[in-house]
Amino acid sequence: MSTATTSKPAAAAAAAAPAGTGPLPGEGRIGLRGNLRHISALARRNVMQLKADPQSMFDVVFMPIVFALLFVFVFGGAISGNGNQDAYVNYVIPGLMAMMGLNVAMGVGVGVNDDFKKGVMDRFRSMPIARSSVLLAKIVVELGRTLIAITILLGVGFLLGLSIETSFTDLLLAIGLSAVFGASLMWIFILLGLTLQNAQAVQGVAMMVLMPLQFGSSIFAPPSTMPGWLQSFTDYNPLSQLADAARGLINGGPVAHAVWVTLAWSLAITVVTMPLAVRKFRQKT
Amino acid sequence: MTRTDNNPQHGPNAVEVRGLVKHFGETKALDGVDLDVREGTVLGVLGPNGAGKTTLVRCLSTLLVPDAGTARVAGYDVVRQPRQLRRTIGLTGQYASVDEKLSGWENLYMIGRLLDLSRKDSRARADELLERFSLTEAARKPATTYSGGMRRRLDLAASMIGRPAVLYLDEPTTGLDPRTRNEVWDEVQRMVAEGATVLLTTQYMEEAEHLAHELTVIDRGQVIAGGRIDELKARVGGRTLRIRPASASDLPGMARALAEAGLDGIAGTQAVPDEGVLLVPILSDEQLTAVVGLLAARGYAIADLGTYLPSLDEVFLAITGHRTADAQDAPPADGQQTGRAGRTDRTDQNTEVAA
């Protein structure tokens, strides 16, 4: 990032008017309204891309259906112990809400990797817009996709006998919490997508991380039946916290701890990975 | 911040590059480049693949941060004032920088919104530019369905949305067929007529001659020649007239006749008996007319004749004494055989030979 530090064209560098490195702070900054306008224009682009390629919506439409049916009918009877799938519906559907965000986030990494190899990114990065707005627009649209997936999941859940034991507000809180955590995960995968060479590599790394996180959690089965070492893993797994929080918000019971831990995880992940991702995007050549 | 100094003799510079250096590991993509582009003119940056042309454009459009040296565009420093600089430039890359999944109209509308035009203005500007670039019919179709030339035109249109003061065209016609290339050239000339300053990179001498007022030749990250086109042409030779007499045995007589009449140009005529042709360096239309007239008056029967421009490789040979590293990348010969009728030619000012 340094200028005029090499000795070679010393005379030419000396002719430079403003010494120092990096952009001058404050100059030409883009205001909040401008940023929101740019983000919405770029989000529109992402929506248009989805429209042009309807198959790209398959994951958020079919993934929740397949997972809900698979787990309730194939494993439900066994996990609940007495063949009573109804009880398992109320256990696993809130857990699967946590998984929707995770799976959409994984797709973000792959999409970013493809998208950012295109020439249009050069155009965006040479335009007077905050470079983070390109990434934020992606997050906004992917959050929309997450909400679609969760809505379909709940729809299937209701058909399978899901009952909300609390209130509609609590249900909305559960959805919101899943979305917030999903958004923080997206930053991780954007960072991965910008860092790794190709989409296959992103997919590979994502699967490697996802599988243990998904199954080593309280999403599908109560950790009480797991061996001790795995229980301590699931306890610290943020997906367990999110699944427990969603479960509590839908089925009733104490939720405060799980909600706060999930929010803390979301904040921590975002604070660390978002600046890294924006930086990576800025420097990508 | 201060604007660029106005040089009363040449007019203000829209682009000023001094000692620009950019390394990629061991590779010196730019190794101390100096160049100026005067406001309202076209600077052609001519060089082979890997000469550093694209790196230069990327540094000047804030996509890359140079390692040393300075560059100012419209008075703004590329490193210190990137945000202001981005407001003044338009970029058309070698690879179409439009979103191919979106329609032409959606692409232009999006860019309008990103440039802070109102919804209404963005719509109007998109319509206007699609019309101007003859894309109205395909406006609502995804850009994936566009031909190479249409995509390049859409790319140019996208760069024009914000009415940029300085336009970078990075090899705008590489890979295009001659007809499409001419369309792109026409558009570039229109933009210049409307006052844009253009920095054009190209591998083709013919393109540089057609569009540029001044030329900078770069090789391996360094400027190896620069100046007005006619100055460079005097150094490297302009067009070459290739005459095929009906009988190859006429070659020596024809060469002698031209030499005696002082029509053989600076480098002299060259007979190529193997191919049965005579090559005459041409510096002006008058000389061209005189050469043909003389040969006709002497009663030589001409079977075929045509003019061609030196290839990039020949330019390099003339300037540096060595060939380009990738001589095989020189443009195909048929791209250089030019019937010059119907094309404006502002570079043929050097009439001293024919006079």
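Visitor: In this predicted model, which residue of S14(B) does B:Leu241 stand opposite?
Guide: Start with the strands. S11(B) pairs with strand S14 (residues 302-308) of chain B in the antiparallel sense, over 6 bridges. In S14(B), the residue opposite B:Leu241 is B:Thr307.

Visitor: And which residue of S13(B) stands opposite B:Arg242?
Guide: S11(B) is also joined to strand S13 (residues 277-282) of chain B. These two run antiparallel, with 5 bridges. In S13(B), B:Arg242 faces B:Leu279.

Visitor: How many of the 7 residues of strand S11 of chain B are buried?
Guide: The strand covers residues 239-245. It is largely enclosed by the rest of the structure, because the buried count is 5 of the 7.

Visitor: Is B:Val198 buried or exposed?
Guide: B:Val198 lies in strand S8 (residues 197-202) of chain B. The cut-off for buried is 20 or more other C-beta atoms within 10 Å. B:Val198 has 26 within that distance, so it is buried.

Visitor: Which residues is B:Val198 in contact with, leaving aside its neighbours within four places in sequence?
Guide: Contact here means C-beta atoms within 7 Å. On that test, the partners of B:Val198 are B:Val42, B:Leu167, B:Leu169, B:Val188, B:Met191 and B:Val192.

Visitor: How far apart in space are B:Val198 and B:Arg239?
Guide: In sequence they are 41 residues apart. C-alpha to C-alpha, the distance is 25 Å.

Visitor: In what order do the 4 strands of the open sheet in chain B run?
Guide: The pairing is antiparallel. Strand S2 (27-38) and strand S5 (76-77) are the edge strands, each pairing on one side only. Strand S1 (residues 13-24) and strand S4 (residues 68-73) of chain B pair over 5 bridges. One bridge partner of note: B:Val21 has B:Ala68 in S4(B). The order is S2-S1-S4-S5.

Visitor: At about what angle does helix H1 of chain B run to S2(B)?
Guide: Helix H1 covers residues 53-60. It lies across S1, S2 and S4 of chain B. Its angle to S2(B) is about 65°.

Visitor: What does helix H10 of chain A reach from its first C-alpha to its last?
Guide: H10(A) has 14 residues, 238-251. At 1.5 Å a residue, 20 Å is expected. The helix comes close to that, at 19 Å.

Visitor: Why is H10(A) largely enclosed by the rest of the structure?
Guide: Just after the helix, A:Gly252 takes a positive phi of about 90°. Within H10(A) itself, the reason is burial: the count of buried residues is 13 of the 14.

Conventions. Residues numbered from 1 in each chain as written. Chains lettered and ligands numbered in written order. Predicted model: local features only at pLDDT ≥ 70, side-chain atom pairs only at ≥ 80, totals over all residues. Buried ≥ 20, exposed ≤ 12 C-beta atoms within 10 Å, placed from the backbone. Contact = placed C-beta atoms within 7 Å. Pairing = 2+ DSSP bridges. Axes fitted to C-alpha atoms, helices over the stretch in contact; angles between N-to-C directions. Expected span 1.5 Å × (residues − 1).
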